[in-house]
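Here is a friendly note to read alongside the model. Please keep the structure open and find each place as you go.

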Amino acid sequence: MPEHRVDGGDELTDQIQEGPLRGWVRVDRQGPSHPFQEGLELRDPIWKPIGERLERTWGWIEERAQGRRGTACLVEQLEPPVGDHGGQSASKRGGIDAQPATEGDGPVGVSVAPFLELTEGTMRYTTRVVTIAAAGRTRPLAATQRHHAITASPRLGLAATVARPIVRETTVAALAAEGASRDRSGHEPIRPDLWPDDHPYAHRWGLVIDLNACTGCSACVIACQAENNIPVVGRDEVRRAREMHWMRIDRYFSDTGDGSVDVVHQPMLCQHCAHAPCETVCPVLATVHSAEGLNEQVYNRCVGTRYCANNCPYKVRRFNWFTYRHDDVRANLVLNPDVTVRSRGVMEKCSLCVQRVQEAKAEARRLGEPLRDGDITTACEQSCPARAIVFGDLADASSRATKLAAGGRHFRVLEELNVRPGVGYLSVVRHRPAQGDDKRHG
Amino acid sequence: MVERVAAAAREAPWVEVDSLSQVTEDICRPIGGRPTVLWWVGFLLALSVLGVGTAAIGYQIATGIGTWGLNRTVGWAFDITNFVFWIGIGHAGTLISAILFLLRQRWRTSVNRAAEAMTLFAVMCAGLFPLIHMGRPWLAFWMFPYPNTRGSLWINFRSPLVWDFFAISTYFTISLMFWYVGLIPDLATVRDRARAGLGKRLLSWFSLGWNGSYRVWQRYEIVYLLLAGLATPLVVSVHTIVSWDFATSVIPGWHATIFPPYFVAGAIFSGMAMVLTLMIIARATMRLERYITRRHVDVMSKLVIATGGMVALAYGTEFFMALYSANQYEQFVFMNRALGPFSWAYWTMVSCNVIAPQLLWFTRVRRHLGAVFAVSIFVNIGMWFERFTIIVTSLHRDYLPSSWADYAPTSIEVATLAGSVGLFFTCFLIFCRFIPVIAMSEVKGVIGTPSAGATGQPERPPERLPALAGMEA
Amino acid sequence: MRTLVGVFEREEDILQATDAARRSGLTILDVYTPYAVHGLDRAMALQPSRLPWVCFLLGLFGATAKVWFEYWTTASSWAIDVGGKPWNSLPAFVPVTFEVMVLFAGVSTVIAFFLVAGLRPWRKAVLVHPRVTDDRFVLLLEQTDAAFDVTQVSRLLERHHVVHIEEREMQEVP
């Protein structure tokens, strides 16, 4: 087998040699892309499928992949190493589990067991030498977030070239200075109002999400999906940007200037705005604001005009484009009986686990006790290993969420729109000096 | 009366006919007999396209909105583009019928019936789309506030879609009544020429026993004036309300106060172009060249230039406001429109709406019917792309880049658009077949009573009786 | 009743003939024209119509009723917090109110017109002349009493270029 080393820093452009292969290899890429062609700025040193034309940027490859024919390299078969781990018959020489990954039912993926080695009790994954070659086929890839530069060309000198203030980062030093002076300037927006704010709230349920703690592990996304019976739509629909996740993790990258990349993971979900743009435009009152600060979606009333989704600046609303199948009786056992399964043509979105809120309130009433902070946990809060998500009553001065919201790191996304979100974020704190905003992109 | 006849003598006649009966004859001729081959070709073509569209819509309603190309970011595309496009086309008909009536433009009588029919069919096509774009269209009746056992749960009067619902239904009702009231005397004329049979019975039914009595004419004229006076603010208000679907949202590129006048001007612009398209075909195929003359085409082309200029000004204003606003989201939207993945739609829109109509400044072009026809087609295409650009480019890249997405139409959406065009032309061709295309009584009213052999000039001057000196026309 | 039918070919003639007939004290039952000849209402001394009042008053009623209904459903019957908007969202109520005003005004005017003018789908049209919907103008005079001199009236009409005169017996005015 021809040899080729694969490790960090290699440009693989000129080094494709013969021999079939299946597997993941590491890719480095260079150079920012033009902002109006979707360019990936990611310098993530993680395993990714590679493309035929390796001299292109990664972003180009993924851009070509999203929604159009991708140029990912698919390997036809796996060749086991020469000294294979006993028991492999000659008939398997051509490949282990040599069926290509199929779409639909059936085994997906391929076993890479022959490439692994168990040495002194640890599993070693990088023992083999592999070659890479283009398979001559293309396969479209699916991704829920494409990569774009936030800024336009700075040469234009316009406001549009300034990075969007969606995530905030600060440094330890700056935070200490800020804390000392209790100066939150830059975080307090101007809040003009045309009418008096006279809608009283018994409670005001909200979330505070600590971006510093969030690792982007996506446990919250999956927990939300399980709790709320969110359908799995499949790769083809995800390629058409129709994923149904109520919660998503947005990634924002910035150059550190020394060849590395900083990432901020921002879980994005319905912000439960007090001045929700979605509520005003629903013709049939399918989305309204509860007296406890929740933006409610009434599935039975929704006729599916999708105006609410268009008007949401955070784009957190999800529409049921088809009837997602729930006719498998056994598969239906995973459904949460406390949550409706939505029909075709109905809009859905994060409800701050209103079923859990109602359950806790009913329980408190039954026991004759007042509702305490911590009685209610949303699915995302419950599943977060870093405890980055905090649910609480923002109208209760003693709740943990309110205390976090009053802190120096607290901010809201797109606050200048005056939609008054009920979800707040705590900015990221780094040891390094903060990067210039013009270097951020996501 | 004297002044009126004198005025008619001063202004060259718009319609070149010799007598009132010639008007009746020319306009009723296509109705009575067998339809021409050309009509059959057009009708069958339109009907088959309509059939394709109906199948597409049926499939989409049965299977889901997912059969379109929409996604979590771009929630509206072809559906609402088509809706605004067709409503816009309808507005020119009402302009010609109502506004030009109030402005006493005599040339309108040759085209107002067909233009108003165009409005009705365009509004029907438009009304189709809010219905089928819903995820659950069988519950569309929930848009109407009826008392119910759910509380009563009413509707959200703050929502622009509710305003749309009331505006479009009012517009359709008033346009239908306006068109029908204007049609009654002509239906009587056709009835009185018809041979006994089903046709004559239907005409009797719909002409409501009209017999030319002036006691009825007097009230008729008043009702016509009142309806014209009501329809005029309706034109402005309906498309303003449609523009508020976008202007009241928070999305950059939609949230613009220029939208009401911009949309109304654009509606009249696109509608005038459609009227020109239809009239140039109709005058040739139905041999109505004496009624829809080159002068009519000339005047309508001038309206196209005028409203096209307003639209071009609106494009420039939008762009300038975005630049001047220092709002980064707004600026990005405009840069994205011109340079991003949908720039091809944007530049189609600009070339069709701003550049192509400039040809109409030249008299030679305005008098050449083929050139005017071509420009009108370009304007229709450009105005469709204008709505597409506004809707899709603003939606697909808004505030948070993480949710930016692309959009591409599916064959179902294209078939639905084609189906709406098929519906429009099917209805229009049926209209041409069975109903007088030109308002005979109104044309007769503006030509007076020419003597045989002359064109519009009375043979002898009216007798100046002393009693007439104080009479007004 | 006995009537005299005068048929004219031109609008100037019918206008002047009608005016002359009215000034001569003749009873004009009606005038039939293929289009609305301006000035005939003065010549016939018709009462101005009250349809504009119907239009205005019913439009006003429609607007008032609608704005009340909107306020009642939004702020009183079941007040729901929608986007934090105030309970009394009067500016938002304006578009629908305006449209319903126009709808009420227009529909009521047309219905009133049909009722007052006697236009009904089942009404059989009685034409005083077969070409009255085409290109003839007809003046219908009543022969009120014995003093009605057909010859004198005919001469009056001939002064205005009448093309056909006929005496006719009819039960009611068409």
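1. Let us begin with strand 15 (residues 423-426) of chain A. Val423(A) and Tyr425(A) point one way from this strand, Gly424(A) and Leu426(A) point the other way, and all are buried. Buried here means under 20% relative accessible area, with exposed over 50% and partly exposed in between, using a 1.4 Å probe and protein chains only. In a regular strand, side chains alternate between the two faces of the sheet. Strands, like helices, are DSSP runs numbered from the N terminus: a strand (E) has at least two residues and a helix (H or I) at least four.

2. A word on where the values come from: this is a predicted model, in which local features need pLDDT of at least 70 and side-chain atom pairs count only at pLDDT 80 or more, while totals for chains, interfaces and linings use all residues. Residues are numbered from 1 along each chain as its sequence is written, chains are lettered from A and ligands numbered from 1 in the order in which they are written, and side-chain values use heavy atoms, leaving out hydrogens and water.

3. Which strands pair with strand 15 of chain A? Strand 6 (residues 205-210) of chain A pairs with strand 15 in the parallel sense over 4 bridges. Strand 14 (residues 410-411) of chain A is joined to strand 15 by 2 bridges, and these two run antiparallel. Two strands count as paired if DSSP finds at least two bridges between them. Such pairing in a sheet works through backbone hydrogen bonds, either parallel or antiparallel.

4. You can follow the partners residue by residue. Leu207(A) has Val423(A) of strand 15 as its bridge partner. Leu426(A) of strand 15 has Asp210(A) opposite, and His410(A) also stands opposite Leu426(A).

5. Now step back to the sheet. Its 4 strands are ordered 13-6-15-14 in chain A, forming an open sheet with mixed pairing. Strand 13 (389-393) and strand 14 of chain A are the edge strands, each pairing on one side only.

6. Next comes the interface of chain B and chain A. Contact (heavy atoms within 4.5 Å) involves 65 residues of chain B and 63 residues of chain A. The area buried between these chains is about 5200 Å², with 56% from carbon and sulfur atoms. Buried area is the accessible area (1.4 Å probe) that two parts lose on being put together, summed over both. Arg72(B), Arg136(B) and Leu400(B) supply 15% of the area that chain B buries against chain A, more than any other three residues.

7. How many salt bridges cross the interface of chain B and chain A? The rule, a side-chain nitrogen of Lys or Arg within 4 Å of a carboxyl oxygen of Asp or Glu, finds 3 salt bridges there. Lys315(A) forms a salt bridge with Asp398(B), with the closest N and O atoms 2.9 Å apart.

8. Finally, compare the interface of chain C and chain B. Here 81 residues of chain C and 72 residues of chain B take part in the contact. About 6600 Å² is buried between chain C and chain B, 66% of it from carbon and sulfur atoms. The count of salt bridges between chain C and chain B is 0. Among the elements giving two or more residues to the side of chain C that touches chain B are helix 1 (11-23) and helix 4 (90-117) of chain C. Helix 4 of chain C gives the largest share of that side, 18 residues.
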